[in-house]
Amino acid sequence: MNDSSIETPFLIASNGPLQGQNWQINDQLSIGRDTGCNIVIEDRQVSRYHATLKIQKEKKIQIEDNGSKNGTFLNGEMINKSFLLHDGDEIKIALIQTFYFLSSDATIPLHEHLSSFLKPVMKKSLFLDEKSRSVYIEGDILVPPLSDAQYRLFEIFFKNEGDVVRREEVVNSVWGENEAAGVTEQAIDALVRRLRGRIGEIDPGFEYIKTIRGVGFIFENK
């Protein structure tokens, strides 16, 4: 993502199994448990084809419940017919997953708008939005974004918070098995150092990545 204004509507997942993910609404979005849906929520309380978002005239977005068993809720009210969405509307699918709708009328930078909705689900200082490949520190997006190598390194640390990530795991995740033989200890340390530096640009007072000599690294999120 970049800092340009929103040009198409977005759906952002807040509380629930998909929290932090977001989707552009370019045509139609189907939500349900079935793997053929655009947004899949793997929970038995969610119907196979639970709800649908569709673009109407003048690029207005309509939400419709598809006769789901446990209901679709718009701003706290269960719906049984189609409704047009407005900027900031809250959508709940079977009370399992919460979404927020962002209209194409939004004029503030996209990362600021996303951040305002993501802050409630950012339980710790560092947050990774895998869909957009964005890193948030204390609710603020890291700009410019991490390089590909730095992102892959951060991703393995983030997903293994509190566990030791061995050096060979770093090499396989960042460089891949085919290039692993040519990666030196110095190259690994240099990449970790650069990642520490990027995080330290915003939050220099906490050591998120600790080196375990002779073994690897451990990531702690405050």
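**Polar contacts and aromatic pairs**

Reader: With the side chain of which residue does the side chain of D203 make a polar contact, and at what distance?
Author: The model is predicted: local features need pLDDT of at least 70 and side-chain atom pairs count only at pLDDT 80 or more, while totals for chains, interfaces and linings use all residues. Residues are numbered from 1 along each chain as its sequence is written, and side-chain values use heavy atoms, leaving out hydrogens and water. A polar contact is a pair of N or O atoms within 3.5 Å; within protein, one must be able to donate a hydrogen and the other to accept it, and residues adjacent in sequence count only if both atoms are side-chain atoms. For the side chain of D203, the partner is the side chain of K222, at 3.0 Å.

Reader: Is D203 buried or exposed?
Author: Buried means under 20% relative accessible area, exposed over 50%, and partly exposed in between (1.4 Å probe, protein chains only). D203 has a relative accessible area of 10%, so the residue is buried.

Reader: Which residues does S68 touch, not counting those up to four places away in sequence?
Author: The side chain of S68 makes polar contacts with the side chain of H50 at 3.1 Å and with that of D65 at 2.6 Å. Contact means heavy atoms within 4.5 Å. Leaving out residues up to four places away in sequence, S68 touches S47 and H50.

Reader: Why do the rings of W23 and F99 count as an edge-to-face pair?
Author: Rings of Phe, Tyr and Trp (its six-membered ring) pair if their centres lie within 6.5 Å; planes under 30 degrees apart count as stacked, over 60 as edge-to-face and the rest as tilted. The structure holds eight aromatic pairs. In the pair of W23 and F99, the centres are 5.8 Å apart, and the pair is edge-to-face because the planes lie at 65°.

Reader: How many residues apart in sequence are the parts tied together by W23 and F99?
Author: Strands (E, at least two residues) and helices (H or I, at least four) are DSSP runs, numbered from the N terminus. W23 belongs to strand β2 (residues 22-24) and F99 to strand β11 (residues 97-102), so the separation of these parts is 76 residues.

Reader: Over the ring of which residue does the charged end of K210 sit?
Author: A charge sits over a ring if NZ of Lys or CZ of Arg is within 6 Å of the ring centre and within 35 degrees of the ring normal. At 5.6 Å from the ring centre, the charged end of K210 sits over F206.
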